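Okay everyone, thanks for coming.

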Amino acid sequence: MMQVNPLHPLFAAELIGADLTAPPDDQLVRTVEDAMARYGVLAIRDAEISDEQQKDFSRAFGPLEIPSRVPGAARPVGKPQVTPEIFYAGNLDHDGEIIPYGSDPKSLAKGAERFHTDSSFHTMPTKWSLLHGVETPPSSAGGDTWFVDARAAYDDLSDAMKARIEPLVGLHDFWEGRKLAGFKAEITPEMRLIIPFPTVRHPLVRTMPYGRKTIYVGGHCFGIEGMGAEEGLALVEELYAHATQEEYVYRHQWRQWDLVIWDNRCTMHAATPLHSDDYRRDMRRTTINESGPETSA
Ligand code: OGA
Ligand code: MN
């Protein structure tokens, strides 16, 4: 028997009793789709599955978005057996050894500690991310993942603000997002060559397939089309500050084998620091698009 239990007054739920080791049947697909439409974040408990099974499960909901790996760029960290379709979000190096948390203050990965949506800096129609806790530290050591419900935040905007932002288009950029997240080092032309994403446009207000509206600023939105840089950033920051208020935040404390799914269109999420280098955090992410071929940006 599968059961869905809410984890927060506004959004986020857990799914217990699901078997992810077999190809998902119609009932499981429907249960997950329905729970995602209602809750935006779903933690499937006890998903003791392999990378291959994670990919197969993800594909039941949309084509995989393949991580962008640029020829010549440094290899991403992560255990060697992690396959090219998987984003690595843990603290292990290629030999499976712990990388101390503070060892690279310029680490681009620290950008994930600001609320963001995955992949808003490219044009692909990103749908969900599915993050698998293969090895998870105790919550007391840090490493919780925080989520916000941007639909509930939209609902609470004034009518005047809703009318103002309805027609607007946000500008999203990987490197501008890293600057907003406090990336201190100078961003050089070489770095832009290695990660060459151009600025892209997305509507500031999105309508979900099930009709609810949501604020879409992510962590990479740095301006508004047709507005001055300062005025645009000020509006983005006002919406971001509104959406990340306490009442919209769910803090996920990981259990081993959680497979946490979030809808990138209507939620934001943030990593939190590890306070200890004593624990292995092996986290593997698949990302799916709404449609299109399985490709990278
Ligand atoms: C991600 C991410 C947060 C975390 O995988 O996209 O932001 O807590 N992860 O690992
Ligand atoms: Mn992320």
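Let's start with a charge on a ring: Arg-251 lies over the face of Trp-146, at 4.3 Å from the ring centre. Before I go on, please keep in mind that what you're looking at is a predicted model. There's another arrangement like that one, with Arg-114 over the face of Tyr-240, and here the distance from the ring centre is 4.1 Å.

Staying with rings for a bit. How many aromatic pairs does a search of the whole structure find? The count is eight. Take Phe-147 and Tyr-250, for instance: the ring centres are 6.4 Å apart and the planes sit at 20°, so we call this pair stacked. The cut-off for that word is planes under 30 degrees apart.

Now, Phe-147 has another partner, Trp-262. Their centres are 5.4 Å apart and their planes are at 50°, so this pair counts as tilted. Trp-262 belongs to strand β13, residues 259-263, while Phe-147 is in β6, so the pair ties together parts that are 115 residues apart in sequence. Phe-147 and Trp-262 are both buried. Elsewhere on the aromatic list, Phe-121, Phe-174, Trp-175 and Phe-197 form one cluster.

On to the metal. Which residues are the protein donors of the manganese ion, ligand 2? They're His-116 through NE2, Asp-118 through OD, and His-269 through NE2, and they lie 2.1 to 2.2 Å from the ion. Written as a spacing in sequence, that's H-x1-D-x150-H. Asp-118 comes from the loop between β4 (87-88) and β5 (126-135), and His-269 from strand β14, residues 267-271, so those two tie together parts that are 151 residues apart in sequence. Are they buried or exposed? Asp-118 is buried, at a relative accessible area of 5%, and His-269 counts as buried at 5% too.

Helix α7 runs over residues 229-243, and its 15 residues should span 21 Å at 1.5 Å a residue; the end C-alpha atoms are 21 Å apart, which agrees. Its buried residues are Gly-232, Leu-235, Val-236, Leu-239, Tyr-240, His-242 and Ala-243. They cover an arc of only 165° around the axis, which puts them on the same side of α7.

Helix α2, residues 51-59, has its own buried set: Asp-51, Gln-54, Lys-55, Phe-57 and Ser-58. Looking down the axis of α2, these fall within an arc of 165°, so they line one face of the helix. Among the elements covering them are α1 (26-39), β3 (41-44), β5, β13 and β15 (282-289).

One last stop, in the loop between β3 and α2, where you'll find Asp-46. Is that residue buried or exposed? Asp-46 has 63% relative accessibility, so it counts as exposed; the cut-off for exposed is over 50%. From Asp-46 to Ile-165 is 119 residues in sequence and 41 Å in space, C-alpha to C-alpha.

Notes: Residues numbered from 1 in each chain as written. Chains lettered and ligands numbered in written order. Predicted model: local features only at pLDDT ≥ 70, side-chain atom pairs only at ≥ 80, totals over all residues. Heavy atoms only, no water. Donors = N, O, S within 2.8 Å, 3.2 Å for Na, K, Ca; no water. Helix = DSSP H or I, 4+ residues; strand = E, 2+ residues; numbered from the N terminus. Buried < 20%, exposed > 50% of the residue type's maximum accessible area, 1.4 Å probe, protein only. Phe/Tyr/Trp six-rings, centres within 6.5 Å; stacked < 30°, edge-to-face > 60°. Lys NZ or Arg CZ within 6 Å of the ring centre and 35° of its normal. Expected span 1.5 Å × (residues − 1). Arc of directions from axis to C-beta. Contact = heavy atoms within 4.5 Å.
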